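Here is a short report on an interface and a cavity. Keep the sequence and the structure open while you read.

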Amino acid sequence: MGEFSRPASSKQINSLRLLAVLFFAISCVFAFIATVVEDVFFLRLATEAMIFGGLALSVDLLLGITGLLPLGQALFFGFGAYAAALILKNWTVSIWLVLLACMLSSALVGLVAGLIAIRSKGVYFALISFGLAQVVSKIVFNTVELGASDGIIGVPNAQILPGLSSGQPTVFFLFALMFIALVYSLLNYLMKTPYGRQLIAIKANEHRVAFLGFNTWRFKLSAFVLAASIAGTSGALYPMLRGFVSPELMFFQVSGNAIINVIVGGTGTLIGPLYGSALLTGLRSVVGSFTPHHQLVIGVLFMIVVILFPRGIIGYLAPMLDRRCQKGQGTVQQEARGG
Amino acid sequence: MDKAILKVEELSVRFGALTAVKRVGFEAQRGHITSVIGPNGAGKSSLFNLISGAIRPMEGRVLFDGRDTTGFNAVQMVSAGLSRSFQITNLFFELSVHENLRLAAQFIEHGRGLFLPTQRSRLANNRVDELLERFALRSRADELAGYLSHGEQRRLEIATALACNPKMLLLDEPTQGMSLTDTQETEALIKELASDDLSILLVEHDVELVMNISDHVVVMHQGEKLAEGTPLEVRANPQVQAAYFGEVRGHAHA
Ligand SMILES: Nc1ncnc2c1ncn2[C@@H]1O[C@H](COP(=O)(O)OP(=O)(O)OP(=O)(O)O)[C@@H](O)[C@H]1O
Ligand SMILES: [Mg+2]
């Protein structure tokens, strides 16, 4: 169960806020140190973690908040990446315009996919979302105009402001960090509104929501479109970082990794998926440099985390922090709630 | 304005070979407590499902508040002013009592403030306060619904259905599993709730309760309407006595 489902008065939200502040603080400190020691590799890797963090946030909005398992979220991530690559290759435009175009177009793609997928429930929704991503990735894989299996290479840098471009590692890391902070704040805000609470209610008991007079389909579809837009805009940052896009970005591996990032970090906590993405993107790269079997290592690690911390790292830490705070204040408040 | 708020005509639904509701028709008057009684499996909940838009009728019509609402879904029925509770407690168990009620009360904002912080929905928040008070749930407001006692959950079930400020409230066995005191309190509460602005349709196993508070009683048996009338008329009906009261007495003594 997502942590936002707890009573608004609960301390839980406060410890989550603390962990969120910590995340962004660590990121800034990291950027400073990496810039001072001029470590381009880790700056680039951390930027990638942020980009996949955006995808993870979109997955958490569906899985952790609304209760929909999106097995094909990479479809929108890949769509955004291709759209950005094509725009940057053909026109010289600023990053803002590229992101705006990707945000809107991936929302549109999300609307079409959502109209197909949202009518189905549970495992059927998951499979349709998976199927859609498979179909589109295969089409892209076979389309010569999109570079087929090679994808699109040589994507130029995008200008952020005069003198600042996506080619500068620190600048682009901070840009990605800012983007993620924005998306996180938006979602965090929505969880305090009747709209967001309604999504949580749908996850908790969709059947009853209809009898409260709310059209669950509309809420789910809008969440799906928002998630697609977040995934697409995150994806748009990818070619700016790596200079290329390939059909692999739409493959199940990317969707699956995003779900693992969310679950390891803490489903439904929003900040957890960002921790998960940072941790696992780093780990994949580091382990990958020692052994080609890094997926195996990640797989085993995933199992261990799921067994030891079924609510994920943040889902485990947040209630613990709360209990510590409460003991510090000398109050014994409903221990049962933490369990 | 029509005196009858709800008219059901020749309503039928089948589940495979079983006809759960067979050409049932009755009227419920504005401001009245109308009750549906009948033995287990008589089709009472199915009738509720048909009226509240949970399932579609195969034949017949439902007329609510001057409109033909046949085939309306649950959302449309709530918008028309008809809300229901469930026989099997149907709450957001992982959410707090306050949040359960706030979600339900949000309906009266009619889509306003959907993207503003929840505290800004004044109407809904006032409604929640009112309900916490009325259903004696104030002290449990921050507790998760799943941690409430059975009696409290049944109270919350009614309060949740009431939160959208309906014209008609359908209560499916509200006192099921309640202690004697809780049942008596609920009886008094239902009686209080009925007013010119709120008509009540009640399914209840507790015959004494029904006879005490109902203006009109419909008796169902094996999917069909067996009889209807005032509590006294129904009680005196020999068919009803044979099919229903005998059986319930038997249960009570068992
Ligand atoms: N969705 C369904 N699918 C199949 N059969 C159903 C369904 N709903 C109800 N039934 C059957 O229809 C008949 C009437 O059930 P219903 O729940 O309406 O009775 P009831 O009068 O509410 O009984 P109780 O007093 O036990 O609540 C029963 O035989 C039941 O098994
Ligand atoms: Mg029933």
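Which residues line the second largest cavity?

## The second largest cavity

This is a predicted model. Phe23(A), Ala49(A), Met50(A), Gly53(A), Leu274(A), Ser277(A) and Ala278(A) form the lining. Two elements of chain A give two or more residues each: α2 (40-66) and α10 (271-290).

The volume of this cavity is about 40 Å³. Its lining has five nonpolar residues and two polar ones. No charged residue is part of that lining. Across the whole structure, the search finds four cavities of 30 Å³ or more.

## The interface of chains A and B

Interface size is often given as the accessible area lost when the parts come together. Here, chain A and chain B bury about 2700 Å² between them. Carbon and sulfur atoms give 64% of that area. On the chain A side, Pro194(A), Arg208(A) and Phe211(A) lose the most area to chain B. Together they make up 27% of what that side buries.

The contact involves 29 residues from chain A and 35 residues from chain B.

Two salt bridges cross between chain A and chain B. One of them joins Arg208(A) to Glu157(B), with the closest N and O atoms 3.1 Å apart.

## What chain A brings

Helices α6 (169-190) and α7 (194-211) of chain A each give two or more residues to the side that touches chain B. The largest share, 13 residues, comes from α7(A). By class, the chain A side has 16 nonpolar, nine polar and four charged residues.

Notes:
Residues numbered from 1 in each chain as written. Chains lettered and ligands numbered in written order. Predicted model: local features only at pLDDT ≥ 70, side-chain atom pairs only at ≥ 80, totals over all residues. Heavy atoms only, no water. Contact = heavy atoms within 4.5 Å. Buried area = accessible area lost by both parts, 1.4 Å probe. Salt bridge = Lys/Arg side-chain N within 4 Å of Asp/Glu carboxyl O. Helix = DSSP H or I, 4+ residues; strand = E, 2+ residues; numbered from the N terminus. Nonpolar A, V, L, I, M, F, W, Y, C, P; charged D, E, K, R; others polar. 1 Å grid on protein atoms, 1.4 Å probe; cavity = no way out; pocket = protein on both sides within 12 Å on 5 of 7 lines; lining within 4 Å. Points joined across faces, edges and corners; volume = space filled by probe spheres on them.
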